[in-house]
Amino acid sequence: MFISLWEFFYGHFFRFWMKWVLRQMTGKCELQRIFDTYGGAQRTYRIENSLTYSKSKVLQSATQVAESELDRCVADIMKEKNICREKDNSFQVCMKTCLLQISGYKQLYQAVENVRKKPYDSGNAQHEKLLLKLWSLLMPTEKLKARISKQWVDIGFQGDDPKTDFRGMGILGLINLVYFSENYTSEAHQILSRSNHPKLGYSYAIVGINLTEMAYSLLKSEALKLYLYNFVPGMPTMEHFQQFYCYLVYEFDKFWVEEEPESIMYFNLYREKFHEKIKGLLMDYNTVLTLKT
């Protein structure tokens, strides 16, 4: 109750007067002061909040701007805030970078969501080709005897037809598995080998799909903002999301081995523990999570 009242009064009264006082004292608007004071993810995050909670429609709409409209949008912001280009020639460059990151995050989420919504279709030749590619990457010396085969269990699927395991994350789950196996083949082989450990083993493919869900949920909840604002100096792409997924796969395997769970029956408990660890790391303005092999 108290927090809600504070947020109401701050948003409607205190914030306005505080901004007005600071402008009179410094001769600069809130956006300029943020650029002067902060850098990296903290700068972009604060710029986004300033635009979002502004009473100006011009500033509010800036968080949704298309890349082709960036120059016009920045010019409109400068006009709205009476910012002279000659007196502050760095503002235009900094604002353009921030808007690329802010609008780019929203576009990335939509792109990931569109892929996630596509179910795996065994009648789709491209989907089938991708699935067979996963087998070839993980089991280069062993031939798959048939498309429907118990061999799929060897790489961590639950049954003889992997298509049933992609329901939750759609084709995105498979795309991520292939991306990691193709770009970090040696690491994928090592993790697959450890996943077959008699005591500490787990279903490699199923866990990989589960970690796609984790990466997706973190993106959807906006927990990945600080990481991407730090990691990508412009508009993030699907590959940046996949790089984060690879980090999760590699780090989860290390985490699982170090924790030494009693059995796979405790998977959800350790999965949540790992999830909380990652969320904690993502709250750091200076966080840079990269896969270190």
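This is a predicted model: local features need pLDDT of at least 70, side-chain atom pairs count only at pLDDT 80 or more; totals for chains, interfaces and linings use all residues.
The chain is built from helices, with 13 helices and 0 strands in its secondary structure, and the order of elements from the N terminus is accordingly written as α-α-α-α-α-α-α-α-α-α-α-α-α. Its C-alpha trace extends over about 75 × 40 × 35 Å along the principal axes. Of the contacts that link residues at least 6 apart in sequence, 65% are between residues at least 24 apart.

The table gathers values that describe the chain as a whole.

| Property of the chain | Value |
|---|---|
| Buried residues | 45% of the 293 residues |
| Accessible surface | about 15900 Å² |
| Part of the accessible surface belonging to carbon and sulfur atoms | 54% |
| Positive side chains | 37 |
| Negative side chains | 33 |

When residues up to four places away in sequence are set aside, H240 is in contact with Y227, L228, F231, V232 and M235. A further spatial relation concerns L108, which is 132 residues away from H240 along the chain, while the C-alpha atoms of H240 and L108 are separated by 9.3 Å.

Definitions and conventions
Residues are numbered from 1 along each chain as its sequence is written. Side-chain values use heavy atoms; hydrogens and water are left out. Helices (H or I, at least four residues) and strands (E, at least two) are DSSP runs, numbered from the N terminus. Buried means under 20% relative accessible area, exposed over 50%, partly exposed in between (1.4 Å probe, protein chains only). Contact means heavy atoms within 4.5 Å. Accessible areas come from the Shrake-Rupley method with a 1.4 Å probe; for residues, only the protein chains shown count as cover. Lys and Arg count as positive and Asp and Glu as negative; His and the chain ends are not counted. The place of a charge is taken as NZ of Lys, CZ of Arg, CG of Asp or CD of Glu.
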